[in-house]
Amino acid sequence: MIIDILTTFPWMIEPIIESSILKIASEKEIVVFNVIDIREYSKNKHKNTDDAPFGGGEGMIMSPQPLFDTIIDVQDGLEKIIFPTPDGIIFDQVMAKKLSNEKHLVFVCGHYKGIDQRVRDNFKMEEISIGDFVLTGGEIPTLAMVDSIVRLIPGVINNIKSAESDSFSQPLLDCPWYTRPDSYEGNKVPEVLLGGNHKKIDEWRQSKREEKTKKLRPDLWKKYIEMEYISQDNTKEQEFKINKKSN
Ligand code: ADE
């Protein structure tokens with residue numbers, strides 16, 4: 001996969017793609033990262049990339065010319081362009097999974113108050129938000145999305161089973177996990193995990209996932225109950241099971 005990150009702050013991106021999972025993906029030649037400085041495409045004599053908004057108002061708007069030229073330069077006909085913005089659709093694990101199958105992703109990092117609307121109108125872009133809060137620019141949302149996408153590309157993580165059990169890869173939040181020692185400052189690991197009975201361990205983990213989801217994410221819990229309902233035969237017994245779960 002090729003991942004192009006178009007930014008006026010390349011120094012924010014570089015340390016992150018040179019560490020952890022992103023570095024592994026690049027060393028294994030599974031992903032090629034290109035960090036592209038939009039400023040270098042500016043035809044303005046001061047290399048400016050922004051200007052005041054027409055009609056007045058606070059803040060600066062990123063100008064069309066440097067953005068148009070940078071995007072056109074990276075296009076190869078296979079690209080999917082992503083514009084991180086708080087007014088986009090909310091990013092989730094399903095999107096991350098879908099995007100992990102693409103050949104070429106282009107992230108356009110906006111800054112200041114926003115980017116000239118003509119950029120959004122002229123290029124086919126997925127406008128994506130990482131949540132209902134506002135960050136100063138697109139760099140942090142881009143890195144968050146890139147991290148979650150890259151770790152799902154086959155071959156990047158050695159233990160793909162671990163990624164599959166993540167919260168959101170399945171419809172429930174993840175269960176608690178423990179490692180050695182079995183007692184730390186008087187805090188003991190649940191007995192069932194030490195017994196070696198894998199059926200019991202799986203049941204315990206599932207019950208913890210359900211307990212946690214029900215408590216912290218009633219929206220996900222509702223979806224889960226509905227999914228279970230659809231995927232099972234609509235018999236009295238199943239109805240009983242569902243009623244019991246939703247109590
Ligand atoms: N840019 C600024 N805030 C953002 C958000 N919440 N998601 C994506 N891009 C952003």
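A backbone N or O atom of Gly-131 lies 3.2 Å from a nitrogen atom of the ligand, a separation that falls under the definition of a polar contact, namely a pair of N or O atoms within 3.5 Å, where within protein one must be able to donate a hydrogen and the other to accept it, and residues adjacent in sequence count only if both atoms are side-chain atoms. The model is predicted, so that local features need pLDDT of at least 70 and side-chain atom pairs count only at pLDDT 80 or more, while totals for chains, interfaces and linings use all residues. Residues are numbered from 1 along each chain as its sequence is written, and side-chain values use heavy atoms, with hydrogens and water left out.

| Residue | Protein atom | Ligand atom | Distance |
|---|---|---|---|
| Ile-130 | polar backbone atom | nitrogen | 3.0 Å |
| Gly-131 | backbone N or O atom | nitrogen | 3.2 Å |
| Phe-133 | polar backbone atom | nitrogen | 2.7 Å |

Taken alone, the ligand exposes 260 Å², of which the protein buries 96%; accessible areas come from the Shrake-Rupley method with a 1.4 Å probe, and for residues only the protein chains shown count as cover. Helices (H or I, at least four residues) and strands (E, at least two) are DSSP runs, numbered from the N terminus. The residues around the ligand include Pro-84, Thr-85, Pro-86, Ile-128 and Ser-129, a residue being near a molecule or strand if one of its heavy atoms lies within 4 Å of it. By class, the shell holds eight nonpolar, four polar and no charged residues, where Ala, Val, Leu, Ile, Met, Phe, Trp, Tyr, Cys and Pro count as nonpolar, Asp, Glu, Lys and Arg as charged, and the others, Gly among them, as polar.

Thr-142 belongs to helix α6 (residues 139-150), and a polar atom of its side chain lies 2.7 Å from the backbone oxygen of Gly-138. Thr-142 counts as buried because its relative accessible area is 0%, buried meaning under 20%, exposed over 50% and partly exposed in between (1.4 Å probe, protein chains only).

Asp-69, in helix α3 (residues 64-74), is partly exposed, with a relative accessible area of 24%. Its side chain makes a polar contact with the side chain of Gln-65 at 2.8 Å.
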